[in-house]
Amino acid sequence: MSDLYARHRAVLPDWLALYYEDPIEITHGEGRHVWDADGRRYLDFFGGILTTMTAHALPEVTKAVSEQAGRIIHSSTLYLNRPMVELAERIAQVSGIPDARVFFTTSGTEANDTALLLATAHRRSNAILALRNSYHGRSFSTVGITGNRGWSPTSLSPLQTLYVHGGVRTRGPFADLDDDAFVAACTDDLRDLLGHTRPPAALIAEPVQGVGGFTSGPDGLLGAFREILREHGVLWISDEVQTGWGRTGDHFWGWQAHGQNGPPDMLTFAKGVGNGMSIGGVVARAEIMNCLDANSISTFGGTQLTMAAGLANLAYLLEHDLQGNARRVGGLLIERLRAVAAQLPGVREVRGRGLMIGVEMAVPGTDRADPRAAAAVLEAARADGLLIGKGGGHDTSALRIAPPLSLTVAEAEEGAAILERALRSAQ
Ligand code: PMP
C-alpha cells in the first residue's frame, strides 16, 4: 500500500471507495491523457463524465480561469455578476425549455436537490417518482430518490419515493422484451401506480442511467411517460448530469431521444460543464423557478471563477462541434467493441450511443451478471495504460466508457485495442 493510500485510509471515510487494488494518484493531464505520480501515462476513457467534458488542461479554459482568479471572485448573488448572466443566457438558449430560468449550484447533487425543492413547492406534494436503478446524488434528499441501493445509504428520506421500471433491460420482469413491449409494460406500470396514489410532484429520470451502468429504456419511453404524467399534473425533471452537452452524440440533451413530448419541465446539469470547476444547475420554466416565496441562494453557485470556466468550455464545445465528434468517434468505438464482443461469450452487450458506452459482463453461457470479470477488465486495462469506469445495479458488472468529447479516431482505436486485450484476458 502506498504511503498516500495509507494516509487516505486513516483520515477519510471508509465508504470513499477508490478504484483499483493499488489506487492511482493522478498528477496531471493533457488532452485525453493523464499521468500518475510514477510518471505513467494513461488514455482517459472515464474522466469525460466526471470532470473533463472537452479535454484535460484545455488552454482556453485554463486561461479564462487564471485571468478571472487574478481579477475577482466575489458573491455571485448579492451583486451583478456578468459571467453568471452570460452563462445563464447561453444555457437557457440551448436548453430547449421555453421561458427558461437558470439557477447555478456547485454540484449535481445540489442541482437535483434544488429541482426537488422547486417541484415539491410547485406541486405541494413531497411524493416523487424515480426510476429503479437510478442515481441522483449524495445528499439527504437525493439519496432518497436513488433507486440504486448501493448508493442509497439511508431509507430515512424526507420524500415519499415511488419507483417505476424503465432504465434496465437486462434483468427484472421486463427483461428481453422488444422495444414496443417494453414501453407498453413500463407505461402500464406507471399508469397503475398513478391510479392508486395521490399525484406526486414530479418524475425524475436520467435519460441514460449513469452510475447504473450506462443503461436505458428504448428511445421514446420518457416521452410516453410524459403523456401520462401530464394527465396527472406531474412534472418531468430530466437529470442530464451525465447525458447533457452532446455526450450521446445524436442529441445535445438525453431527453431529446424520447420524442416529441419534450422538453421536460426542468433539467439539471453538472459534472464536466466547467471542465473541472464545480458547476451544477437547474433550468426550469419561469413559472416553476419563480414559485418559491422566499429567497434561496448558493454562496458558491455561479462564482465568477466557475462561470468563466463554463463560458470558455461551452464555447469550445460548440465551436468544435464536439457533439458531432461524439457521434462519429463514439459510433466507431461502439462498432469496434461490438465486433469484439461478438467473439467473447463473457460480454453480454455493448450499449449506449456517442461517447457514453456501456459493456455488460456476464458469466459465459448465462445471463448472470459478472462483477468479478468487470473488475478484472478494469485492472487489466489500467495495467495496459487505459482508464475506464465501472457501474451497474445490484451487481457492478458494467464497464463504463466516457472519454473527453474531443477524443480522436486514433485514440479511439488505441483504447479499443487495449480494451480488446483486457476483455480477452478476463474470459
Ligand atoms: N445525477 C447523476 C445522473 C449523476 O451521475 C451524479 C454524479 N454521479 C449526480 C447527479 C450527482 O452529482 P455530484 O456528484 O456533482 O453531486
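Does Tyr20 count as buried or exposed, and how many C-beta neighbours does Tyr20 have inside 10 Å? With 12 of them, Tyr20 counts as exposed. Here a residue is buried if 20 or more other C-beta atoms lie within 10 Å of its own, exposed if 12 or fewer, and partly exposed in between, with C-beta atoms placed from the backbone. A note before the views: this is a predicted model, where local features need pLDDT of at least 70, side-chain atom pairs count only at pLDDT 80 or more, and totals for chains, interfaces and linings use all residues. Residues are numbered from 1 along each chain as its sequence is written.

**View 1. The whole chain.** The chain comes to 13 helices and 15 strands; helices (H or I, at least four residues) and strands (E, at least two) are DSSP runs, numbered from the N terminus. Its radius of gyration is 21 Å, close to the 22 Å that the globule rule gives for 427 residues, so the chain is as compact as a globular protein of that length. (That radius is taken over C-alpha atoms, and the rule is 2.2 Å times the number of residues to the power 0.38.) The C-alpha atoms fill a box of roughly 55 × 55 × 45 Å along the principal axes, and 52% of the 427 residues count as buried. Take the contacts between residues at least 6 apart in sequence: 74% of these join residues at least 24 apart. A contact means C-beta atoms, placed from the backbone, within 7 Å.

**View 2. Around the ligand.** The ligand is surrounded by 15 residues, and the closest are Ser107, Gly108, Thr109, Gly210 and Val241. By type, the shell divides into four nonpolar, nine polar and two charged residues. Ala, Val, Leu, Ile, Met, Phe, Trp, Tyr, Cys and Pro count as nonpolar, Asp, Glu, Lys and Arg as charged, and the others, Gly among them, as polar.

**View 3. Strand S8 and its partners.** Five of the five residues of S8 (residues 235-239) are buried, so the strand is largely enclosed by the rest of the structure. Leu235, Ile237 and Asp239 sit on one side, Trp236 and Ser238 on the other, and both faces are covered. S7 (residues 202-205) runs parallel to S8, joined by four bridges; two strands pair if DSSP finds at least two bridges between them. Leu203 has Trp236 in S8 as its bridge partner. Getting from S7 to S8, the chain passes through helix H8 (residues 221-231) in a right-handed β-α-β crossover. S9 (residues 266-269) also pairs with S8 in the parallel sense, over three bridges, and Met266 in S9 is the bridge partner of Ile237.

View 4. Most residues other than glycine have a negative phi, and most peptide bonds are trans. Tyr20, in the loop between H1 and S1, has a positive phi of about 75 degrees. Asp321 has a positive phi of about 45 degrees; this residue is in the loop between H10 and H11 and is partly exposed, with 13 other C-beta atoms within 10 Å. The peptide bond from Gly262 to Pro263 is cis, with omega near -5 degrees, and Pro263 is in the loop between S8 and S9.

Terms used
Near = placed C-beta within 6 Å. Contact = placed C-beta atoms within 7 Å. Right-handed = clockwise from strand over helix to strand, strands pointing away.
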